[in-house]
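Me: I've got a structure open here and would like to talk through a few of its features. Can you take my questions one by one?

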Amino acid sequence: MNMLEIKNLKAGIGDTEILTGVNLEVKPGEVHAIMGPNGSGKSTLAQVLAGHEDYDVYEGTVEFMGKNLLDLAPEERAREGIFLGFQYPVEIPGVNNTYLLKAAVNAKRKHQGLPEMDAFDFLKIARETMAMLGMDQSFLNRGVNEGFSGGEKKRNEILQMAILEPSLAILDETDSGLDIDALKAVANGVNAMRDPERSIVLVTHYQRLLDYVEPDFVHVLSQGRIVRSGDKDLAVQLEEKGYDWVREAASA
Amino acid sequence: MSADAVQHELLEAAVTALPPDKLSAVRRAALASFAANGFPTTKHEDWKYTSLSAVADLSNTWLQENAAAGKTKPGAVDTEQTEQIDAHWIVIENGVVDPQSLGKLDPLAKSGITISSLADGVDEDSIAVDDPMSAFNAALLRDGLRLTVAAGCTLDKPLGILLLDDGSVRVTQTRILIDVGENAKLRIVECPVSAGSAQQFANSVTQAALGTGAELDFVRIQQRQKDHLSVNRFSASLDRDAVLDYNNFDFGGGLARNDIVADIGATGAFVNLHGLYLASGRQHIDNHTRVDHRVGPAKSTEEYRGILSGQARCVFNGKAVVHDGADGTDADQSNHNLLLSDKAEIDTKPELEIYADDVKCSHGATVGQLDKSALFYLRSRGLDKDEATQVLTRAFASAILSKLAIEQCHDYLASALDKHLDALIEKD
């Protein structure tokens with residue numbers, strides 16, 4: 001069974017169609033990169049998959065492990081095993097980072113009929129992951145993303161992913177705005193999550209993240225649909241020739 | 001005579017009918033003061049959004065029926081507040097001090113704290129009647145508290161004051177006089193609660209005088225029932241380097257009006273006001289604060305937050321007056337509101353009046369809904385919509401809770417806040 005199966009997905013905001021017919025299949029264990037120029041619909045695709053209510057789906061289907069994803073509320077998708085790493089993680093002053101991590105884990109465990117996570121286990125995973133990501137332990141006691149730098153926010157997203165252990169992780173521009181050290185740390189965090197039972201979709205504008213996280217497939221999104229698919233060499237070609245090359249190819 | 005006024009002949013007859021006691025002279029003097037103005041109406045700028053007509057109606061009925069019979073004998077009362085907040089508790093039931101709880105605190109005299117009942121006598125001049133509701137309070141006053149902290153003295157834990165209106169007396173007056181001596185410190189947790197199903201009105205006045213270097217921390221947690229109406233005035237005068245930290249939490253009551261007034265009369269004083277109000281259904285909560293900076297340098301800071309749902313109506317008016325010559329004044333005020341329903345209404349007005357040159361003043365107010373992107377972020381992590389709403393609402397409120405002046409009431413207050421927030425979001 002496919003992890004994710006998108007067929008002819010058309011979506012947008014109000015009357016503005018942004019996704020104009022996306023088709024994509026992702027199998028368990030695969031890492032897919034979705035690349036494309038600004039405004040091609042990459043973030044819209046990520047947000048629609050996570051269930052953002054500002055977007056309307058006009059046509060098409062999305063199945064996640066055989067279930068109709070579009071029928072589910074955002075929180076149900078999360079509990080079923082989808083994780084969206086935000087391009088712009090939201091600052092929530094007054095909500096403790098640990099509180100959110102625990103509430104998220106336990107919402108999922110409750111959905112699976114499991115007891116709440118043991119506090120000791122929770123801290124163990126949190127500490128290990130934070131050490132790998134080069135995050136200070138004090139982040140656990142701070143407000144969610146409150147006053148975090150761009151790099152700290154992205155590391156925090158990876159921390160949440162590691163603790164939630166999703167079946168499908170969609171990482172939206174997780175590499176943007178990172179210096180080389182942060183990029184490597186985030187890439188390490190992503191690579192550590194690679195698993196035959198887990199799929200990862202990397203949404204990115206640049207090829208540089210793919211130097212550290214090697215994708216099985218690369219897709220190019222342009223004007224709301226996938227115009228070209230290939231292996232990791234496609235990303236290298238894109239880096240050399242620029243997006244105009246695929247745009248021309250698409251309209252030819 | 002307008003419909004929302006107290007009928008003076010009724011008040012006069014009721015005051016005359018009260019059995020003579022040590023407060024008779026206070027009542028007679030106040031009756032004359034009250035006659036000059038009567039209840040404030042919505043024509044007064046300070047009462048524009050808060051009508052006392054229901055209070056006047058109730059007062060007239062009560063004055064006519066059984067004002068003189070109002071005094072009851074308080075008994076021992078245990079509530080969740082007295083059980084959960086570690087404090088020296090005094091119970092004031094229907095405006096009357098419970099002598100038993102008062103007697104238990106006699107040993108505090110060794111720590112320099114003297115506590116007495118106003119029914120045992122009070123200097124007439126010490127009862128302020130300079131606004132109409134204070135005059136009404138004094139005209140019907142039958143008891144109250146006087147707290148005096150001797151110079152340099154402090155208590156091991158806060159003083160708790162449970163204000164219970166049990167429904168048997170429908171109009172009650174409470175007066176508390178506080179005197180904190182030079183370099184002395186006092187912490188008070190005041191918990192107004194009500195019981196019974198009858199409509200009630202409580203009119204309370206607290207007057208505090210802070211000596212040089214004195215500190216008063218005052219936390220008020222108001223959780224009365226929805227048919228309870230109240231007008232509450234807290235005023236404080238601050239001498240050199242005195243510190244007032246006042247927090248009021250209004251979670252209950254159908255109508256609750258607070259006037260919080262601080263007068264900075266000497267340099268180095270610091271006034272810190274924080275408040276949180278939660279209102280749902282048709283609750284009406286009004287906070288009016290005023291800080292007078294008569295001299296500088298001195299500092300005042302103020303933050304009030306409100307969460308409104310249903311058809312609640314709230315009012316915030318925060319005024320700082322920097323008098324001529326009060327150079328070096330530092331004053332800031334803010335008021336933030338979260339509206340969970342489009343039928344709720346807040347009238348907010350931070351005000352600055354500045355007559356001095358060298359000052360640092362700021363003010364601001366916001367009114368808004370929950371941040372949609374934060375809601376989606378939490379939901380994308382598996383929290384359902386109600387839980388995400390609750391988490392964000394609690395976070396909004398926690399900004400005030402984190403500034404709580406008295407540690408001993410933190411846990412109780414946090415759990416009370418949770419309970420009230422749950423109810424507020426559920427109803428919405």
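Me: How many helices and strands does chain B have?
Reply: Keep in mind that this is a predicted model. Going by its secondary structure, chain B comes to 9 helices and 19 strands.

Me: What share of the residues in chain B is buried?
Reply: Buried here takes 20 or more other C-beta atoms within 10 Å of a residue's own. Out of the 428 residues in chain B, those that are buried make up 52%.

Me: At what angle do the axes of α2(B) and α6(B) cross?
Reply: These are residues 24-37 and 132-139 of chain B, and their axes come within 7 Å. Phe34(B) is among the α2(B) residues that meet α6(B), where Phe136(B) is one of the partners. The crossing is left-handed, and the angle is roughly 145°.

Me: Over in chain A, which residue just after α1(A) takes a positive phi?
Reply: Helix α1(A) covers residues 42-50 and is mostly covered, with 8 of its 9 residues buried. Among them are Lys42(A) and Ala50(A). Just past the helix, phi goes to about 95° at Gly51(A).

Key:
Residues are numbered from 1 along each chain as its sequence is written. Chains are lettered from A and ligands numbered from 1 in the order in which they are written. This is a predicted model: local features need pLDDT of at least 70, side-chain atom pairs count only at pLDDT 80 or more; totals for chains, interfaces and linings use all residues. A residue is buried if 20 or more other C-beta atoms lie within 10 Å of its own, exposed if 12 or fewer, and partly exposed in between; C-beta atoms are placed from the backbone. Helices (H or I, at least four residues) and strands (E, at least two) are DSSP runs, numbered from the N terminus. Axes are lines fitted to C-alpha atoms, for helices over the stretch in contact, and angles run from 0 to 180 degrees between N-to-C directions. A crossing is left-handed if the near helix is turned anticlockwise from the far one by less than a right angle, and right-handed if clockwise. Two residues are in contact if their C-beta atoms, placed from the backbone, lie within 7 Å.
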